Amino acid sequence: MCIRDSVKSDKLQPIDNYPVWMKDSAGSRTDQTSGLFFIGERDGKKMFISCDDIGKINRISVDERKNPPKFEFQEIKFSVDILALLGKFKKRDMEDICFDSTNNKILLAIEGHEYSSTDPSIYRKKEGIYELTFNNDIFTFDTVLTIKRLTLPEEVYAHTFDNVGFEGFSITKDNFFLGLENYQTPQNEFSDSTLLYIVNRKSGKTKVIGTSDLKISTICGLYAIDDFNLYGIDRNRRNVFYINFDKNFNIIECKIQQLDLSIPFHPEINNIIGTAPESITFDYNNNFYVSLDPWKQIYKPDIADRKKLSNEELDNFYTFVPIMYKYKNKFK
């Protein structure tokens, strides 16, 4: 069962001049960023790859020597064959991304969509984990060359649904960690819990963990430090969670802390409607980063907050610019 951290009454605060709008000086930006992965440092800058709900992959450099940190974005191109495949999707809903350095591949979680039908034989044909190859190296590639859907045990698809799939995904050398966005009720409504799947990459042996007792209602981002230390984002409760496993993947402990999700330069504005933290990744210094995927239908400041914001800040809301946060890991 999860226990609350000793500082549970205080939200975890961003550090090092974060949060920052995910937009650079040229106006380039991400759009509905739902997956984020730290790939290393280059020329003194933090480097990430990201994926968006709208079907785009970006490489992001962040110069944290600047205040605020300075962003640069490069949108990654897709080969003709990949564009043809993605053209068959109702929506290119990319939810989480990882770099598998052992195999030099990018792994991508894609959610299934079939707006006109709830027949799982339709939307499950496309959802799942995809393996991508690319040109050059992870720091300089500009094109994804090939894409292949990986074969996973059928049991991990038992509770996916139209637009409800693996929004949290992480890897180690030996295992996949897949977080179902939410366990839907028989009425296809959100419940108070979800499911975490741990799949051995060689044998396919799968451990299924329900999160009801853990007080985790959604999983929308995962990051495995190693096989037995896992972090994740509970979007609906705006929490980060930490789970420590034994060698059989029984839970030794689980800790939860709520995140402060204030907007850049306005720490007092931290209850914006439509804020959706949906990713987590760690750098080499035990810091973790979270990106905000705005809900486009309702993402906006309330009337009182609006009066405190500049026209540029309001434009960031109206054009749904995501926000990146950086936090110090307080769990261990």
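Which residues line the largest cavity? That was my starting point today, and I kept notes as I went.

**Ground rules.** I am working on a predicted model, where local features need pLDDT of at least 70 and side-chain atom pairs count only at pLDDT 80 or more, while totals for chains, interfaces and linings use all residues. Residues are numbered from 1 along each chain as its sequence is written, and side-chain values use heavy atoms, with hydrogens and water left out.

**Cavity.** Rolling a probe the size of a water molecule over the atoms shows where empty space is left. I took a cavity as a set of points, on a 1 Å grid over the protein atoms alone, where a 1.4 Å probe fits but cannot get out; lining residues have an atom within 4 Å of a point. Grid points are joined across faces, edges and corners, and the volume is the space filled by probe spheres set on the points. I got a count of 1 cavity of 30 Å³ or more. The largest cavity holds about 30 Å³ of space. To answer my opening question, its lining is made of L36, F37, D96, I97, C98, F169, S170, L222, Y223 and I280.

I then sorted that lining by class, with Ala, Val, Leu, Ile, Met, Phe, Trp, Tyr, Cys and Pro as nonpolar, Asp, Glu, Lys and Arg as charged, and the others, Gly among them, as polar. The tally is 8 nonpolar, 1 polar and 1 charged residues.

For the elements I used DSSP runs numbered from the N terminus, with strands (E) of at least two residues. At least two lining residues come from each of β3 (33-42), β8 (94-100), β12 (166-171) and β16 (221-226). β8 gives the largest share, 3 residues.

**Sheets.** Two strands pair here if DSSP finds at least two bridges between them. β3 turned up again in an open sheet of 4 strands, ordered β3-β4-β5-β6 with antiparallel pairing. Its edges are β3 and β6 (70-75); each has a single partner strand, so one side of each is left without a neighbour in the sheet. From one strand to the next the twist averages 25°, with axes as lines fitted to C-alpha atoms and angles run from 0 to 180 degrees between N-to-C directions. I followed β5 (residues 57-63) along β6 and found 6 bridges in the antiparallel sense. There I60 sits opposite F73 of β6.

The other open sheet I looked up also has 4 strands, in the order β2-β22-β21-β20, again with antiparallel pairing. Here β2 (20-21) and β20 (281-282) are the edge strands, each with a single partner, so one side of each is left without a neighbour in the sheet. β2 runs antiparallel to β22 (residues 323-328), joined by 2 bridges. W21 has I323 in β22 as its bridge partner.

**Rings.** A pair of aromatic rings is described by the distance of the centres and the angle of the planes. Rings of Phe, Tyr and Trp (its six-membered ring) pair if their centres lie within 6.5 Å; planes under 30 degrees apart are stacked, over 60 edge-to-face and the rest tilted. I count 25 aromatic pairs. Y231 and F282 make a tilted one, 4.7 Å centre to centre with 50° between the planes. It links distant parts of the chain, with Y231 in β17 (residues 229-234) and F282 in β20, 51 residues apart. Y231 and F282 are both buried, meaning under 20% relative accessible area, against over 50% for exposed and in between for partly exposed (1.4 Å probe, protein chains only).

Y231 has F331 as a partner too: the centres are 6.2 Å apart and the planes are at 40°, so this pair is tilted. F331 lies in the segment after β22, 100 residues from Y231, and is buried, as is Y231. Ring pairs join both into a cluster with F37, Y223, Y242, F282, F288, Y325 and Y327.

Y18 and P19 are joined by a cis peptide bond, omega about 10°, with P19 in the loop between β1 (3-4) and β2. N67 and P68 have one as well, omega about 0°; P68 is in the loop between β5 and β6.

Note on methods:
On a 1 Å grid over the protein atoms alone, a cavity is a set of points where a 1.4 Å probe fits but cannot get out, and a pocket is an open set with protein on both sides within 12 Å along at least five of seven lines; lining residues have an atom within 4 Å of a point.
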